[in-house]
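Here's a quick briefing to read alongside the model.

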Amino acid sequence: MASEDSKQKPHVLEQDKGVVVVEEEEEKELNNETKNRNKSKKRRSSSYLPKFCFRIEYGAKGEGFDMEMVDASDSQRPKPTHLIIMVNGLIGSAKNWKFAAKQFLKRYPHDAVVHCSECNPARLTFDGVDVMGDRLAQEVIVVIKRHPSAKKISFVGHSLGGLVARYAIAKLYEGDISTEFSHESKNCGGQIAGLEPVNFITSATPHLGSCGHKQCPMFFGSRHAEKAAIRASGLLRRTGKHLFLTDGINGKPPLLLQMVRDSEDLKFISALRSFKRRVAYANVRYDKLVGWSTSSIRRRNELPKRQNLSSHENYRHIVNVETATPSSDPNQIPTESQVNNNGSRRLDMEEEMIRGLTRMSWERIDVRFKGTMQKFLAHSTIQVTHHLINSAGEDVIQHMVDNFQL
């Protein structure tokens, strides 16, 4: 089966200062009626500008890009007001989100512009969640300046990209004093880089890290294998230390523990609570890199029984959808004063992170790629990283698009 990119070669219609307007096969869907009336006619020349096409503006590094739909027949069309930031995972790139970006624009051609982040590709993903988060925050500010019509902002992160996005929004958060200390409101108020925060979506993200309780399935629950991985985590440099929670020094807890509470400088929880909805897509099985509980922010005894899972009638690989209500006692979360100099905690680190993150509601979407060989690539299939080998994840992306809040 040929990949989507190999089926069609984009035709460059305009190129100026990094802006590329391409004609792709999307007019088949957008102009079905016209196509049906002209079945007997030959295919139009590729030099003819279709009514709808994707406009792709590449970043300065040539890696990331903004994508939006343009209508050549309507130059007065209002500019899109919803900016969607997509963030890649470990050793990933902006191209990993290309398929999903197109699906969002097909559904919301007049309302959204999608930016696939370019600041943390390939080996730069080893620099640590904080460094990557800083870079993403700076990139978002630049992107917003390019789109002055933007009023709302949403984030979609795959794997490590979800953690990076959580750090970045804390850097970009602008609090609303009138609601910041209210635990009763559904969201915390405030803005992200001056825009209204709407959707915060993660896909196969290790919210609880990769240490302990079978959070990294490739270790098969072996404590010896996990200890060996912790010792070798330096191979992933600072990112490895963050994921395996071995970075706590000088009396400070590991970064992922810091990210479940507000500090004086970074309001991690307030930023996350400012979004209207938070969504965690998680692989039930076959993901060898990120476990079910860490990606769905659950204790292991809270995971649904697998025998009770069943496919959604419209999305065959979605097997469970639930909304978790916020925990009722915000005072359960230990403060930094409860962490002593050698980094030991009164609470298990995983429990502490769960309690911190569940102070707000989450939509949990459980995914299982059963009946396809692509299940063995579940970690990338849930994103449709490469359409040729991950096409089974199309319905997961469609579920994400269909439930997206404008």
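Why is helix α13 largely enclosed by the rest of the structure? Eight of the nine residues of α13 (residues 349–357) are buried, so the rest of the structure largely encloses this helix. Buried here means under 20% relative accessible area, with exposed over 50% and partly exposed in between (1.4 Å probe, protein chains only).

Before going further, note that this is a predicted model: local features need pLDDT of at least 70, side-chain atom pairs count only at pLDDT 80 or more, and totals for chains, interfaces and linings use all residues. Residues are numbered from 1 along each chain as its sequence is written, and side-chain values use heavy atoms, with hydrogens and water left out.

**Overall picture and confidence**

- The chain has 16 helices and 13 strands, taken as DSSP runs (helices: H or I, at least four residues; strands: E, at least two) and numbered from the N terminus.
- Of its 406 residues, 55% count as buried.
- Take contacts (heavy atoms within 4.5 Å) between residues at least 6 apart in sequence: 71% of them join residues at least 24 apart.
- Average pLDDT, the predictor's confidence in each residue from 0 to 100, comes to 81 for the chain, and 71% of the residues score at least 70.
- Residues 1–9 stay under 50 in pLDDT, and the model gives them 15 contacts beyond four places in sequence.
- Residues 330–344 are also below 50, with 23 contacts in the model beyond near neighbours in sequence.

**What encloses α13**

- The buried residues of α13 are M349, E350, E351, E352, M353, I354, G356 and L357.
- Their cover includes α6, α10 (255–258), α11 (268–273) and β13 (362–367).

**α5 against α6**

- Two packed helices are described by the angle between their axes and the distance between the axes.
- For α5 (residues 129–146) and α6 (residues 160–172), the axes come within 8 Å and cross at roughly 60 degrees. Axes are lines fitted to C-alpha atoms, for helices over the stretch in contact, and angles run from 0 to 180 degrees between N-to-C directions.
- The pair is therefore oblique; the cut-offs are under 35 degrees for roughly parallel, over 145 for roughly antiparallel, 65 to 115 for roughly perpendicular, and oblique for the rest.
- On the α5 side, the residues in contact include M132, L136 and V140, and on the α6 side they include L160, V164 and Y167.
- By class, the contact has 13 nonpolar residues, one polar and three charged. Ala, Val, Leu, Ile, Met, Phe, Trp, Tyr, Cys and Pro count as nonpolar, Asp, Glu, Lys and Arg as charged, and the others, Gly among them, as polar.

**α4 against α16**

- Helices α4 (residues 98–107) and α16 (residues 394–402) pack at about 40 degrees, with axes 10 Å apart, which makes α4 oblique to α16.
- This crossing of α4 and α16 is right-handed.
- F99, A100, Q103, F104 and R107 of α4 meet E394, I397, Q398, M400, V401 and D402 of α16.
- Buried in α16 are D395, V396, I397, H399, M400 and V401, which pack against α4, β7 (152–158), β10 (196–203), β11 (277–283), β12 and β13.

**S310**

- S310 sits in the loop between α12 (292–296) and β12 (318–324).
- With 48% relative accessibility, S310 counts as partly exposed.
- Beyond its neighbours within four places in sequence, S310 contacts I318 and V319.

Terms used:
A crossing is left-handed if the near helix is turned anticlockwise from the far one by less than a right angle, and right-handed if clockwise.
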